[in-house]
Amino acid sequence: MKIVYTGELDPRLCKSVLGETIPALAAEDPDVIYLDADLMNCIGTAKWAAANPDKGINCGIAEANMIGVACGLASVGFKPIVHTFGPFASRRCYDQAFLSGGYAKNDITIIGTDPGVTAALNGGTHMPFEDVALYRALPGATVIDVTDPTMLISVLRQCVNRPGVKYIRVGRKQYARVYEDGSELPIGKAVTLREGGDVAIFAAGIMVHEALQAAKTLEQQGIQASVLDMFSIKPLDEEAVVEYARKTGAVVVAENHSRNGGLYDAVTQVLAERCPTPACCVAVEDEFGEVGPQSYLQKRFGLTAEHIVRQVLAVLGRKG
């Protein structure tokens, strides 16, 4: 694994990566089967599914039923990958994912696209800030917030053969490039992107880029920040949390979802039990989403490098 971050966007769209990786997985493994809730065109799988109707199934706008079908397939040995937009992949079908998936011990991989503010112009109804909290509460689940296209390929390949319910949240458009093509990112292991002794910034998803930009600004002010990619929200790399909390004595968590039940809760639970440390959060507060371009929404909900800098300064004021 090699870090190649420069702040530039990866030329690949995440939806294109999904449209290539899902068919590749199905070609490699006869047990892999793909289900979608009438959104195949949105991730580029429609033509492939039409040519491979035994491998790609459009379940229509019936997400709960789709999860039930996927769990039935899993119960007889298939490895289902299901896709729909984030709110429909989480709150709309949560009962089925919980009972037919988790409780019944059926292994399924759920991809929720356009999570949080990446839903953009689809608006508040399509803007899940609560999806991470829901899936974190499901016993035995895996929850991933993707950082870039390279990571998307790595975690999707891992999830297909990983037991339990796996929830992958990822936008469909471009992300900042962080990892070299072909890098493997083991689920459950944080990645240290930058070392610094004054504060630790734990970030996931689109907020990794914002955290790295914030670290550059802080460096100009004489503040050295460690930045860790916490893409694996569950299982969380607790040892990394404790190590960097002890090393820096101050923590900021940056996430593109609600602070209630998300990465901030996961990190601060570890801190409370193992290493009490001053902490601040950059996340969506107790609010619903709204319509707008992603750039506007990030400012509207404080999901920016500038807000991270302010929170770092605030937490350093409480440090020791």
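These are my notebook entries on one protein chain, looked up in a predicted model.

**Entry 1: the whole chain**

I began with the secondary structure and found 13 helices and 12 strands in the protein chain. Next I looked up the extent of the C-alpha trace, which spans about 60 × 40 × 35 Å along its principal axes. I then checked the radius of gyration, which is 19 Å; a compact globule with 320 residues would have one near 20 Å, so the chain agrees with that expectation. I noted that 59% of the 320 residues count as buried. For contacts with a separation of 6 or more, I found that 80% come from residues 24 or more positions apart.

**Entry 2: helix 9 and helix 13**

I looked at how helix 9 (residues 207-220) packs with helix 13 (residues 305-318). Their axes are 8 Å apart, and the angle is about 60 degrees. I recorded the crossing of helix 9 and helix 13 as right-handed. On the helix 9 side I listed Met-207, Glu-210, Ala-211, Gln-213, Ala-214, Thr-217 and Leu-218; they meet Ala-305, Ile-308, Val-309, Val-312 and Leu-313 in helix 13. Sorted by class, this contact has 9 nonpolar, 2 polar and 1 charged residues.

**Entry 3: helix 4 and helix 6**

I turned to helix 4 (residues 63-75) and helix 6 (residues 94-103), whose axes come within 9 Å and cross at roughly 10 degrees. An angle under 35 degrees counts as roughly parallel, and helix 4 and helix 6 are therefore roughly parallel to each other. Here Ala-64, Ile-67 and Cys-71 of helix 4 meet Gln-96, Ala-97, Ser-100 and Gly-101 of helix 6. I sorted the residues of this contact into 4 nonpolar, 3 polar and no charged.

**Entry 4: helix 10 and helix 11**

Helix 10 supplies Glu-238, Glu-239, Val-241, Val-242, Ala-245 and Arg-246, and helix 11 supplies Val-267, Val-270, Leu-271 and Arg-274. The contact of helix 10 with helix 11 has 6 nonpolar, no polar and 4 charged residues.

**Entry 5: Glu-219**

I picked out Glu-219, which sits in helix 9. Its relative accessible area is 39%, so Glu-219 is partly exposed. Leaving out residues up to four places away in sequence, I found that Glu-219 touches Arg-194 and Gln-224. I also looked up Ile-110, 109 residues from Glu-219 along the chain; the two C-alpha atoms are separated by 39 Å.

**Entry 6: backbone exceptions**

Most residues other than glycine have a negative phi, and most peptide bonds are trans. I looked for exceptions.

- Lys-105 is not a glycine, yet has a positive phi of about 60 degrees. I placed Lys-105 in the loop between helix 6 and strand 4 (108-113). Lys-105 is exposed, with a relative accessible area of 71%.
- Ala-120 also has a positive phi, near 50 degrees. I found Ala-120 in the loop between strand 4 and helix 7 (131-136). Ala-120 is buried, at a relative accessible area of 9%.
- Lys-234 and Pro-235 are joined by a cis peptide bond, with omega about 0 degrees. Pro-235 lies in the loop between strand 10 (232-234) and helix 10.

Note on methods. Residues numbered from 1 in each chain as written. Predicted model: local features only at pLDDT ≥ 70, side-chain atom pairs only at ≥ 80, totals over all residues. Heavy atoms only, no water. Axes fitted to C-alpha atoms, helices over the stretch in contact; angles between N-to-C directions. Helix = DSSP H or I, 4+ residues; strand = E, 2+ residues; numbered from the N terminus. Left-handed = near helix turned anticlockwise from the far one by under 90°. Contact = heavy atoms within 4.5 Å. Nonpolar A, V, L, I, M, F, W, Y, C, P; charged D, E, K, R; others polar. Rg over C-alpha atoms; globule rule 2.2 N^0.38 Å. Buried < 20%, exposed > 50% of the residue type's maximum accessible area, 1.4 Å probe, protein only. Parallel < 35°, antiparallel > 145°, perpendicular 65-115°, else oblique.
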